[in-house]
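Here is a short report for a first look at the model. The sequence and structure come first, then the details.

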Amino acid sequence: MSATPIRREGHILITGGAGFLGTNIAAALAARGDDVLIFDNLSRDHVRENVSWLQQRYSHRISLRAADVRDLDAANDAVRGARAVIHLAAQVAVTTSVADPIADFEVNARGTLNVLEAVRRHVPQVPLLFASTNKVYGKLLPIEALARQGQRYVPRDPQDAAGFGESTPLSLYSPYGCSKGAADQYVLDYARIYGLKTTVFRMSCLYGPHQFGNEDQGWVAHFLISALRGEPTSIYGDGYQVRDVLEVDDAVSAYLLALEKADAVSGAVFNLGGGPENTLSLRELLDAIERMEGRPPAVSFHDWRPGDQPWYVSDTRAFTRVADWTPQVNVETGLRRLHDWLLDSSVVQQARREAVA
Ligand SMILES: NC(=O)c1ccc[n+]([C@@H]2O[C@H](COP(=O)([O-])OP(=O)(O)OC[C@H]3O[C@@H](n4cnc5c(N)ncnc54)[C@H](O)[C@@H]3O)[C@@H](O)[C@H]2O)c1
């Protein structure tokens, strides 16, 4: 793969395209014959492996621009000739944002503004999809609004069980929540003020192949990686907290549908996640790992982390209505798929080699 962009008219630009979601979207686009320009500063650990994987399979369809969204000139250059932009590049961890809120702001808020300005100047007619987060809704239900049921919390008010929709008031919590929330609002505003075809997905937890989860982000993959490497997992909070989880193939299909239906979804925001049918608590994930591995993973418990939502489930019906989309991969199948992918991955193989050496 070339480190410099191969200029192709009509490419689809994916910022953060070397990351977990970006790699899966890039593979799906390349497989159906689209040219993809990945724009990524390769700052996340292991994402070079994703690029190599893409290179082996689709080298003629995929080019890489190793650059940073904080660089407006590079963003301007990358959007020229694009026929769609998928903006995923981000500082992705709440913990890192708390440690360095200015760097987090520069990448997530300013970087997004750079991408928007580049699109406005050079390709104002093309769709732009942005990956926002459920963190823009804040903590939502406090523990007092939840009851324990088995290995998870459930909302005491049955109305909450349908999940949170897009009209949930914004309550930006944590520097990451603030920087992604600012970006989310800029993306929507560029549709209102400049008429760009922008769409925001407020995503819950995604999981699947090519996810190099760590303690700070990507908990499903992180728990699995730790177990497969024989390392203990730290649980922050009591482990009964619940998320809806979406297998990455279902996320990819949502992004492809949004590109297809760009006019219908322009200027709109959609919650994207597994919804009430696909939820998982931390403790339930540990149980699932035990079933797959035949032994319980080692864990230790620690205080809650700032901004952690004890219960968050997306109401995804708005996107279902507009795009006829529903998740197809259930949690058990998705976890097995990620488990099997991780078994062959470098992060697990390397630890296993070291253990026998
Ligand atoms: N994975 C999830 O569960 C989830 C949930 C909600 C929102 N999101 C959002 O979805 C997007 C993709 O998430 P992901 O899980 O694929 O994350 P990821 O960390 O795997 O991918 C992000 C990519 O962005 C790149 N990047 C980071 N800073 C950059 C910069 N300054 N310039 C250019 N590239 C940069 C990284 O190298 C990485 O390849 C992110 O915007 C994230 O905030 C993800």
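Which residues point one way from strand β1 and which the other way, and are they buried or exposed? I12 and I14 point one way from β1 (residues 12-15), L13 and T15 the other, and all are buried. Buried means 20 or more other C-beta atoms within 10 Å of the residue's own, exposed means 12 or fewer, and C-beta atoms are placed from the backbone.

This is a predicted model: local features need pLDDT of at least 70, side-chain atom pairs count only at pLDDT 80 or more, and totals for chains, interfaces and linings use all residues. Residues are numbered from 1 along each chain as its sequence is written.

Strands (E, at least two residues) and helices (H or I, at least four) are DSSP runs, numbered from the N terminus. Two strands pair if DSSP finds at least two bridges between them.

| Partner strand | Residues | Sense | Bridges to β1 |
|---|---|---|---|
| β2 | 36-40 | parallel | 4 bridges |
| β4 | 84-87 | parallel | 4 bridges |

I14 stands opposite I38 in β2. From β1 the chain passes through helix α1 (residues 20-31) to β2, a right-handed β-α-β crossover. Right-handed means that, with the strands pointing away from the viewer, the path from the first strand over the helix to the second runs clockwise. In β4, A84 is the bridge partner of I12.

**Around the ligand**

The ligand is surrounded by 29 residues; the closest are G16, G19, A89, A90 and A131. A residue counts as near if its C-beta atom, placed from the backbone, lies within 6 Å. Helix α1 gives the most to this shell, with 3 residues.
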